[in-house]
Amino acid sequence: MLSEANVCLATRGLTKVFGAGRLKCVAVDHVDMDLCEGGVVSIVGESGSGKTTLAKMLLGLINPTEGEIYFQGKKRDISTQKKKQEYWKGIQAIFQDPYCSYNIFRKIDAVLLDCIHMRGGRKLPRARKTEMMEEACSFVNLKFEELTNKYPFELSGGQMQRLMIARVFLLKPKILVADEPTSMIDACSRATILDMLMQLRNEIGMTVIFITHDIGLAYYVSDVVYIMEHGKFVENGCADDVILHPKAPYTRRLISDVPKIHEVWDLSTV
Amino acid sequence: MENPTLEWVIDEKIPMLEVKELTTKYITRFHENVYAVDHVSLKVEAGKSLGIAGESGCGKSTLALSLMGYYFPPLHYTSGEIIIDGRNITGMDPDDVRKSILGTEIAYIPQSAMNALNPTQKVINFIEDVVQAHDPLKTKKEIYDLARSSFETLGLPAQVLQKYPVELSGGMKQRTVIAVAVILCPKVLIADEPSSALDVTSQKMVIKMLKELMKSGFIKSMIFITHELPLLYNVTDEIMVMYAGQVVEKAAAADAVFDPLHPYAKGLMGSIIVPESGLRSTKLVAIPGVPPNLKCPPPGCRFADRCKYVMPECRVTMVALREVKGGRAYRCIIPERELREIYSKEAYDTSVFAR
């Protein structure tokens, strides 16, 4: 049991090892992190640093090799399917690729209806369900009437990602894991999606774990930043401290790799 | 300048690629015409690079395809001229274009270049195909030497040549594709989002490589397409902003980023994210709405529906590209001085998210 009251998700010595012997690969290496309620936490690292593996373990999609996850002060138990579904009411995700995030055989209203059912709204009257779905769609600037008879692949990437936010709006989880939600979306729609995500966070008071390789994006959205290298956290702290005054050489390198507009971008350091 | 090629280039000021009023269209299944590139004119001088910005669906990639003069359905040529280094390639037979223009005069790096390599072939076999298509008499030995020397110049290990694409990482694949694209020293290189699928470190390597290509004379000029404005600002000399198939703003890189004139360009600059102090105190501004359907484009200004400063006459009069001093041009009916007044009066929104 953990003592702090406002820590909603914590990990102790979380490790994931893929393969064995010569092919052994430690993707996440003894990670300790504490997430405070209502904050936005970014996990930043380059590809292959174990960000997504960590996210998948937090979501319960893969089992950790070692270590514990504490959810709302208690040790997480997802040993059965039923317990897992209970856990997923508290933690939800937005994935990188919107085109792969939906069941292509199900229409959009079925996707949204599932969320209402998951929150225990199975017995609500039909009109109320429609009203809730309309509310969720209008929150993300989509028109519910135009979506009802469509399949997810009929939407654009940005619209799909917004629909994902509408799902989260209906589910109202405690924690949202956003795994590179904007990396496949152009810079203009990116602003819209980030703004919606932050507005949603303020509205339902959830904790957001924002996973990205773009340190500028992490700086813009988050309160606390964790920098990850080869499965380990090399630096963490308040966003202003970490990004404006980085200490670890790895963080400095990440920052120097991002193109800037007010400072000179030094290309010689690759 | 220590490089002789570059010096010659700077002296002469030859336009490497000149495009005059190019219009191309897609013909859909239902025989509707979609004018994805609408009267676009551009000029790239030797030793210079041009950036093309715009959100998705604005015709950036279609413009890149059209510039090569190699059209295949559903893309069709309508009007305009493409002149590469003094040679007009409009109206050439597609087979001639493929043999004598692509690869040697103009080269193209597609958006998903990482998937452009054949997974069943080694990289060297792929290069053999490319080189032999232009010069069937070259022997395998000659091609190997050429490939190895150019890979070494570009900072790629020669072992890559003997590998299959699956054995390479994403960034390495991208750089390999670029190296193959420039192996015949094209005059113009069109890079269509070469780094959008890569992480920041690999992106920097790719950009460094592109810059070195220019410096070492492998390519004479470059067209770089992306929606990431900070990247464009750092890579190119001139930026052209496209909206709904039209050019809406053309300016030097610094002017386009710090002092945009067209309201759309202004809106795009509001989406810049860079890890610099002061970012957290500004709010990202997204442009509401979506680009118009190009099947039936609006008669007036195409940006009118999303524009903050829209006036009734915007929706009826066709707006021409307006040339202003400093080699800039923009497509808006409001004169330059009035636009600047509007922008300066507008209180800058510094409200932050409630954190």
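Predicted model: local features only at pLDDT ≥ 70, side-chain atom pairs only at ≥ 80, totals over all residues.
Biologist: How are burial and surface to be read for chain A, and what percentage of the residues count as buried?

Modeller: A residue counts as buried when its relative accessible area is under 20%. By that criterion, 53% of the 270 residues of chain A are buried. Chain A exposes about 12300 Å², and 51% of this area is supplied by carbon and sulfur atoms.

Biologist: Which contacts in chain A join residues at least 24 apart?

Modeller: The reading takes contacts between residues at least 6 apart in sequence; in chain A, 67% of these join residues at least 24 apart.

Biologist: What are the corresponding values for chain B?

Modeller: Chain B has 11 helices and 12 strands. Its radius of gyration is 21 Å, close to the 20 Å that the globule rule gives for 355 residues, so chain B is as compact as a globular protein of that length. Its C-alpha atoms fill a box of roughly 65 × 50 × 45 Å along the principal axes. Buried residues account for 50% of chain B, and the accessible surface comes to about 15800 Å², with 54% belonging to carbon and sulfur atoms. Among contacts in chain B between residues at least 6 apart in sequence, 63% join residues at least 24 apart.

Biologist: At what angle do the axes of helix α3 and helix α4 of chain A cross?

Modeller: The axes of α3 (residues 108-118) and α4 (residues 126-139) of chain A come within 10 Å and cross at roughly 110°. Since angles of 65 to 115 degrees count as roughly perpendicular, α3(A) is roughly perpendicular to α4(A).

Biologist: Which residues make the contact, and of what class are they?

Modeller: On α3(A) the contact is made by D109(A), L112(A), L113(A), I116(A) and H117(A), and on α4(A) by K129(A), M132(A), M133(A) and C137(A). By class, six are nonpolar, one is polar and two are charged.

Terms used: Residues numbered from 1 in each chain as written. Chains lettered and ligands numbered in written order. Heavy atoms only, no water. Axes fitted to C-alpha atoms, helices over the stretch in contact; angles between N-to-C directions. Helix = DSSP H or I, 4+ residues; strand = E, 2+ residues; numbered from the N terminus. Parallel < 35°, antiparallel > 145°, perpendicular 65-115°, else oblique. Contact = heavy atoms within 4.5 Å. Nonpolar A, V, L, I, M, F, W, Y, C, P; charged D, E, K, R; others polar. Buried < 20%, exposed > 50% of the residue type's maximum accessible area, 1.4 Å probe, protein only. Areas by Shrake-Rupley, 256 points an atom, 1.4 Å probe, with all protein chains shown as cover. Rg over C-alpha atoms; globule rule 2.2 N^0.38 Å.
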